[in-house]
Amino acid sequence: MPPEHEAPWRVSMLLRSEVRDGAGRVLGRIADLETRRDPQGRETVEAVVITAGRWGRLLGYERRERTGPWLLEQLARYVLRRRTGRVPWRDLPQASPDRHEGPPGPA
Amino acid sequence: MRGRGRMWIAATALVLLWTGFAYDLSRPPDGSDYHRTVLQITRTAHDAAATGALIGRQQLDGRVFGPFAVSAYRDATRAMGSARRRLTEQAPPDGTSMAQRDRIAPILGAAADHLGDAASARDDARLRAAVDDLEHDVRRLATLLRAWQ
Amino acid sequence: MLVAFQLLDRQILDRDGRPVGKVDDIELGRTEVGVPYVAALLVGQQALGDRIGGALGRWIAGVARRLAPAPGRGPMRIGFDLVAGVDSAVNLSVSRDQLPDPPLEAWLRDHVIDRIPGAGHAS
Amino acid sequence: MKRVLSIALGILTAIGGFVDIGDIVANSEAGARFGVAHAWVLAVGVVGICSYAEMSGRVSAVSGRAVFDLVRERLGPRVALANLAGSLLVTVLTLGAELGGVGLALQLASSVDYLLWVPVVAVVLWVALWRVKFSMLENVFGLTGLVLIVFVVAFLRLRPDTGALWHQATDPGPPAGEDWGTYWFFAVALFASALTPYEVFFFSSGAVEEQWTAKDLRTARFNVFLGFPLGGLLAFAIMLSSATVFGPRQMSVDTLAQVAMPTALALGKLGLAAAILGFFAATFGAAMETGLSTGYTVAQYFGWDWGKLRRPRDAARFHTVLIIGIVVGVALLMTTIDPIQLTEYTLVFSAVALPLTYLPILVVANDRDYLGDRVNGRLANSVGSVYLIVVVAAAVAAIPLMLITRMGGG
């Protein structure tokens, strides 16, 4: 579907797609994109935040810092299965917004 | 594929639950079901009669105004009517149930009449008589309730 | 900045603090070396419906598309250069009047609300 | 002096505004059948609404975002849409129940059937939301709701058996002839009557619209921490007087006329009139709040313009949702469902829906990005966490209890 590829990317296409490592194992799903302002003043994607759980996003608990009462903290960790990680964008060489397959993983 | 599988499981569970409900609602009532129904009917009738008696007493004491009494009687009459309707709608499944129905039916009839008397009483004497009757009905219904509970 | 957490689904306010809509989706551009960057905020039920997906999402997007003044125009785009700052809301540097009218709001205002007496009075 | 006066006004309005059709029905029914064995539930509910309202008021004042704004932001569009559907359903059901309550109150005063009143009430409600100065109306109905104090007076005049009541309250459980299932069903309903989601939608949206600052927050805390418990006391008085009058007679309550009866018994016509006026004010005030809440939730989910201070033409989508909400509420009543029964269902479903909005608020109240150093302290978090468990337990238990006890019918 060539027109699909011509269309600009949307963040929603990237979110929740799978990230695999070099051996093809699933590392997790994209929960967020980390950006940084480049010299031209654009917010460019620096890295993706991935979670291992099925829930991409849980009330903001995928962020690193500790928040919230103890009970919620435990709950969020349980649901997110504790495994959140950060993969730099440059390690995702063939990234493409495909919901089902996800970008082939980093080396 | 996983999504579709889950959908099938959910759909099957829903159908089973629904069938269970349908079965529970449509199966013929047995003795204990009927007992529960009669108990509910008795309770409704008791409350309606007691409400009527309570309003009547307050009317005699001049503690309520007309429109309030009218709508309170209307509520009570409606509840009494629904209790009587339920009793005729469901056939008693066995001998014990039949005996229960035969005990409660005449009291319901009398209470409904007395409620009507109280609601339409034009003077204090008639109202007082109707309220006395209603209070008698309430006591009889309460006795039945205690016996059947 | 965390795009999904800090930008997506936040309320957009114009220069005067009036609501414009939600950040229903975000359009990404590509730099010369192919790295995505935040190009524009997409606002409106078209973008939202596409994002929700499924039959319900298609329906939401379909209704919004039908209401849109010009067919096939896609959702309302607010260039990221118009964003003055992001706190608990996304604050724009322009006034709402300079942006296109949300189609549903315009339709309801013209066909329903304005026909009722007193629609122009603040309470 | 003026400030003290405005604080006093706020507290009085909060007291009168606390009680709505759900409180009236749940307290009276529980009082008749269980005496005051549910007194502790009411206390738990009141503390809950205080902590919930304080958190959402603080979050809204500091961040400028109302509850449903945050729900969408924290849960994402899909989960929040499901949440919106649930919350909206409960709010519209509540709106229907309140409209029915207004109709019933007018029926008690006029003997004209409530179904004839409902369309009239709905039109008046819509006009009120369309163009009348809202804060004025809110104060009028809140203050008028205060006449429900008549239930306190009535209770004292009824010469209650305080020893027996004390025993019921301190040794809670079902009396003879009732079972634990029904006891817990009523407990859930009472809890839900004190902690209704629409109150929080309304409260937080008001905070945003009136652009509260830290100073307003202090006033709001006064309103919440004094007004709600005193309002809960009015609800408790309804339970007490119902227990005193109907308990010994072994009667249950299922009409609004019965709820008012204790005031007639104790105080005669004047007391009865006050009770009916109180019902009217409480339910109409709540109908305004629930009506607005339908618009608030939808508009805040989609990011539309909303508010009672805006000209309708500037918030066309918001006002359209309001109109649809009122029409659906009226249509609900026109099915001739008994408004008291509708209230009972509403309470069950609002118990189910409560965690949907409680959880995001608790989370955001801990977020330093939003609140800086105004995040929850240790006390607020302990209370908040305990209530998270209570709220979830009530939500999980509500439907099974409803089915097992057949709406508490036995």
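In this predicted model, chain C holds an open sheet of four strands in the order 2-1-7-6, with mixed pairing, where two strands count as paired if DSSP finds at least two bridges between them, and where strands (E, at least two residues) and helices (H or I, at least four) are DSSP runs numbered from the N terminus. At its edges lie strand 2 (19-22) and strand 6 (83-86) of chain C, each of which pairs on one side only. Strand 1 (residues 11-13) of chain C runs antiparallel to strand 2 of chain C and is joined to it by three bridges, and C:Ile12 stands opposite C:Gly21 in strand 2. Strands of a sheet pair, in general, through backbone hydrogen bonds, either parallel or antiparallel.

We turn next to the meeting of two chains. The contact, which means heavy atoms within 4.5 Å, takes 37 residues from chain D and 35 residues from chain C. Across this interface the rule finds seven salt bridges, each being a side-chain nitrogen of Lys or Arg within 4 Å of a carboxyl oxygen of Asp or Glu. One of them joins the side chains of C:Asp24 and D:Arg72 (2.6 Å, N to O).

Residues are numbered from 1 along each chain as its sequence is written, and chains are lettered from A in the order in which they are written. Local features need pLDDT of at least 70, while side-chain atom pairs count only at pLDDT 80 or more and totals for chains, interfaces and linings use all residues; side-chain values use heavy atoms, without hydrogens and water.
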